[in-house]
Amino acid sequence: MSDTSKQLSGKVALVAGATRGAGRGIAVELGATGATVYVTGRTTREQRSEIDRPETIEETAELVTAAGGQGIAVQVDHLEREQVRALVERIDAEQGRLDVLVNDIWGGELLFSWSDKLWEHSLDDGLRILRLAIDTHIITSHYALPLLIRKPGGLVVEVTDGTVEYNASNYRVSFFYDLAKVSVTRMAFAQAKELAEHGGTAVSLTPGWLRSEMMLEHFGVTEANWGDALANVPHFAISETPAFVGRAVAALAGDPEVNRWNGESLSSGRLAQVYGFTDLDGSRPDAWRYLVEVQDAGKPADVTGYR
């Protein structure tokens, strides 16, 4: 892959939901290519969201700047439309443009059940999941798209869990989780139709099995020794860092022919094969092909040919 260290210099991105996980990885990798990146979320050094995690948007912004871009942290609850409106007005006033919008807002980690059926699941929690995962994306795009389409070439990335092909034939965890993740894919498709006449592009993008802060903590490992989790969870061998999906977004944002992907459902693994980027360890994990051909097929864990 050619050097893209400053390919996005002069470009402005908004990564909505950049406190941790994929959002943080995306923000940092956009910064590594020279972009100015507004990073939003609810958790700051002074105030935590109900998820009650230590990661903050200020940390993310500092990582963006350290990577070579300019990180700007803004506390935003993306369910509050006036906060989102003010955010976009600020970006317009300070930058006069928006080139990349990444909708990575989620926040439902503690709300969904792995086992409850629809009639057993807390209805309040379920509807809250849908608000956090769907309404936030709609509200953010509603206010951000007029700025994004001011110049042709704008890119919208809707981050979800699963490709449209995988989700169409697989039940994803539980009713509310399934509905949330499928809806995000469809939102990207619909925005693609509406942006096309303005020279814009919208895609949905899924990481593979993400070694997020919460996932590593759940397995009792760190990024440095994540392989120790394989004894109990062998298929975790196909997992990837948040930087991998971040590099996927950076590659899309730097592609002058990105509109070839308009409306498509993409994965980090698929885009790595096209653009040539790697994960931090130099590998290219193709998680969604692996899940179908190895894990879901009941075969023993073996990433040979998949990373």
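Student: Which residue follows H9, and what is its phi?
Tutor: H9 is followed by Gly276, and the phi of Gly276 is positive, near 85 degrees. The model is a predicted one, in which local features need pLDDT of at least 70, side-chain atom pairs count only at pLDDT 80 or more, and totals for chains, interfaces and linings use all residues. Residues are numbered from 1 along each chain as its sequence is written, and side-chain values use heavy atoms, with hydrogens and water left out.

Student: Which residues of H9 are buried?
Tutor: In H9, residues 268-275, the buried ones are Ser268, Gly269, Leu271, Ala272 and Tyr275. Buried means under 20% relative accessible area, exposed over 50% and partly exposed in between, with a 1.4 Å probe and protein chains only.

Student: Where do they lie around the helix?
Tutor: Seen down the axis of H9, the buried residues fall within an arc of 165 degrees, so they line one face of the helix. The arc is that of the directions from the helix axis to the C-beta atoms.

Student: What covers them?
Tutor: The cover includes strand E6 (201-206), H8 and strand E7 (265-267).

Student: How do H8 and H9 cross?
Tutor: Their axes come within 9 Å and cross at roughly 50 degrees. Axes are lines fitted to C-alpha atoms, for helices over the stretch in contact, and angles run from 0 to 180 degrees between N-to-C directions. H8 and H9 are therefore oblique to each other; angles under 35 degrees count as roughly parallel, over 145 as roughly antiparallel, 65 to 115 as roughly perpendicular and the rest as oblique.

Student: Which residues make that contact?
Tutor: Phe244, Val245, Ala248, Ala251 and Leu252 of H8 make it with Ser268, Gly269, Leu271, Ala272 and Tyr275 of H9. By class there are eight nonpolar, two polar and no charged residues. Ala, Val, Leu, Ile, Met, Phe, Trp, Tyr, Cys and Pro count as nonpolar, Asp, Glu, Lys and Arg as charged, and the others, Gly among them, as polar.

Student: And what about H1 and H8, how do their axes cross?
Tutor: The axes of H1 (residues 21-32) and H8 (residues 242-253) come within 7 Å and cross at roughly 50 degrees. H1 and H8 are therefore oblique to each other. The residues of this contact divide into nine nonpolar, three polar and two charged.

Student: Changing topic: which residues are buried in H2?
Tutor: In H2, residues 57-67, they are Ile57, Glu58, Thr60, Ala61 and Val64. Seen down the axis of H2, they fall within an arc of 160 degrees, so they line one face of the helix. What covers them includes H1, strand E2 (36-41) and strand E3 (70-75).

Student: What comes after H2?
Tutor: Gly68 follows H2, with a positive phi near 125 degrees.

Student: Last one: where is Thr19, and is it buried or exposed?
Tutor: Thr19 is in the loop between strand E1 (12-16) and H1. Thr19 is buried, with a relative accessible area of 7%. Beyond neighbours within four places in sequence, Thr19 is in contact with residues including Arg24, Thr40, Glu55, Ile57 and Thr60.

Notes
Helix = DSSP H or I, 4+ residues; strand = E, 2+ residues; numbered from the N terminus. Contact = heavy atoms within 4.5 Å.
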